[in-house]
Amino acid sequence: MSYINENFMELQDSYLFSTIAKKVAKYTQEHPDKKVIKLGIGDVTRPLATACIEAMHKAVDEMSTQNNFKGYGPEQGYEFLRKAIAKNDYESRGITIEEDEIFVSDGAKCDTGNIVDIFAKENKVAITDPVYPVYLDTNVMSGRSGKYNKQTETYENIEYLPVMAENDFKPELPKQKVDMIYLCFPNNPTGTVLTKEELKKWIDYAKQNNSIILYDSAYEAFITEPNIPHSIYEIEGAKDVAIEFRSYSKTAGFTGIRCAYVVIPKQLKGYTKQGEEVSYNKLWNRRTCTKFNGASYIVQKAAEAIYTKEGQKQIKENIQYYMENAKIIREGLEKAGIKYYGGVNAPYVWLKVPQGMTSWEFFDKLLEEANIVGTPGSGFGPHGEGYFRLTAFGTKESTQEAMERIKKLKI
Ligand code: MLT
């Protein structure tokens, strides 16, 4: 007889975006005549930048010649891409990141999920609430969360840091001493941000408590305002306490071709139970070599092309297009008399559900009466209840159409 990993028994029945996809599939099957507009999962709709397409074509051609054919690449990513990342994403902001502190992967979902492997089960974890569900689920799977409490909808060993209108979506520092802190800014799902001064408080906390910050900056390319940090390493001392996750999914429309990276500074240390200091970079490298054979050469060539002059111009045009959608959503909600947050430095708009409804009730109403798919706030955690997320990743026409439908909705 084989025994299962019982941690999985503590998980919610289904992953948020799968639940939504199932509900939408059922609705469209039953109402084939309805034109459903999907502003739920943050999936891009613009074609890839020409610079990336050209780089991939070239890479495919290379693969067809004896001299340039590539088999397994370096597990950590090709040097050409790690160099481009260090130079363009960090050096350009005055941050020194060495190539061997960068690990290229096939997506930030995998990175933020897999990172739990290098941390002890006993670590105390803090997450913001609402939160991108991957951080929580993977801590549940690896046995760090403890039991689920149905009443409070929380796990016993996880400290939830509420982010809501009442605290201007700025999480307060943990009440207890925690070892691992997940922060995502610009925030998914609320679309809100922290300033450099606000982020500094977290670095100070982590230093005082010897904690590690797991910083997801997948949405940094959407920042439009000054004094909002694109990287946690813009804050002094962050290299001693933070791991940073980056993704090309939203930045360059790579949701379908998959490429991301994680930065683990070599000075970042954890401890054995005996108090011996160990480098997290070394552990992650060891894990990567065992469990990963590297992102595909073709995809890494596409990622490298993002950093060319043409690539930058093209991806910025796409980002601008999406941020124009965010503006259309904000203006539409304003006209509909619905309160909202975010959408200025992030591709997500977080709206307040009309009084007297739960987030899932609003989801159903929007789907059935306006044929629009969004994401119910409670799916991201208990403090997401009463909120709802719309993404700016649709087409301009469908976003405009969605806002027209919302304005006509009786709420
Ligand atoms: C989201 O909608 O929150 C994201 O697209 C999910 C993801 O990046 O995995």
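This is a predicted model: local features need pLDDT of at least 70, side-chain atom pairs count only at pLDDT 80 or more; totals for chains, interfaces and linings use all residues.
**Entry 1: the whole protein**

I began with the overall build. The protein holds twelve helices and 17 strands. I then looked up its extent, and the C-alpha trace spans about 60 × 55 × 55 Å along the principal axes.

Next I checked the radius of gyration. A compact globule of 411 residues would have a value near 22 Å, and the protein has 21 Å, so the two agree. I also looked up burial: 54% of the 411 residues count as buried.

**Entry 2: around the ligand**

Which residues are around the ligand? I found Phe 17, Ile 41, Gly 42, Tyr 132, Asn 188, Tyr 219, Lys 250, Tyr 348 and Arg 389. Sorted by class, this shell has five nonpolar, two polar and two charged residues.

I wanted to know where the shell comes from in the chain. Domain 1 (6-47 + 310-408) and domain 2 (53-308) each give at least three residues to the shell.

Then I went through the polar side chains. For Arg 389, a polar side-chain atom lies 2.7 Å from an oxygen atom of the ligand. For Lys 250, a polar side-chain atom is 2.9 Å from a ligand oxygen. Asn 188 has a side-chain N or O atom that is also 2.9 Å from an oxygen atom of the ligand. How much of the ligand's accessible area does the protein cover? On its own the ligand has 270 Å² of accessible area, and the protein covers 85% of that.

**Entry 3: two cis bonds in one loop**

Asn 188 made me curious about its surroundings, and I followed the chain there. The peptide bond from Asn 188 to Pro 189 is cis, with omega near 20°. Pro 189 sits in the loop between strand 7 and helix 6.

I found another cis peptide bond between Phe 185 and Pro 186, where omega is about -10°. Pro 186 is in the loop between strand 7 (180-184) and helix 6 (196-209). I noted both bonds because most peptide bonds are trans.

**Entry 4: positive phi angles**

My next search was for positive phi. Most residues other than glycine have a negative phi. Phe 169 is not a glycine, yet its phi is positive, at about 60°. Its place is the loop between strand 6 (158-162) and strand 7. Is Phe 169 buried or exposed? Its relative accessibility is 1%, so Phe 169 counts as buried.

Asn 210 is not a glycine either, and its phi is about 55°, again positive. I located Asn 210 in the loop between helix 6 and strand 8 (212-216).

**Entry 5: Gly 386**

I turned to Gly 386, in the loop between strand 16 (375-376) and strand 17 (387-391). With a relative accessibility of 12%, Gly 386 falls under the 20% limit and therefore counts as buried.

Where is Ile 118? I found Ile 118 in the loop between helix 4 (108-114) and strand 3 (125-129). Its relative accessible area is 11%, so Ile 118 is buried. Ile 118 and Leu 283 are 165 residues apart along the chain, and their C-alpha atoms are 6.4 Å apart.

Thr 28 belongs to helix 1 (residues 16-30). At 28% relative accessibility, Thr 28 counts as partly exposed, because that value lies between the limits of 20% and 50%. Its C-alpha atom is separated by 9.9 Å from that of Leu 367, 339 residues away along the chain.

Lys 309 is in helix 10 (residues 309-336). The relative accessible area of Lys 309 is 71%, so this residue is exposed. Between Lys 309 and Ala 51 there are 9.2 Å, C-alpha to C-alpha, and the two are 258 residues apart in sequence.

Key:
Residues are numbered from 1 along each chain as its sequence is written. Side-chain values use heavy atoms; hydrogens and water are left out. A residue is near a molecule or strand if one of its heavy atoms lies within 4 Å of it. A polar contact is a pair of N or O atoms within 3.5 Å; within protein, one must be able to donate a hydrogen and the other to accept it, and residues adjacent in sequence count only if both atoms are side-chain atoms. Accessible areas come from the Shrake-Rupley method with a 1.4 Å probe; for residues, only the protein chains shown count as cover. Ala, Val, Leu, Ile, Met, Phe, Trp, Tyr, Cys and Pro count as nonpolar, Asp, Glu, Lys and Arg as charged, and the others, Gly among them, as polar. Domain bounds come from an automatic or database domain assignment. Helices (H or I, at least four residues) and strands (E, at least two) are DSSP runs, numbered from the N terminus. The radius of gyration is taken over C-alpha atoms; the globule rule is 2.2 Å times the number of residues to the power 0.38. Buried means under 20% relative accessible area, exposed over 50%, partly exposed in between (1.4 Å probe, protein chains only).
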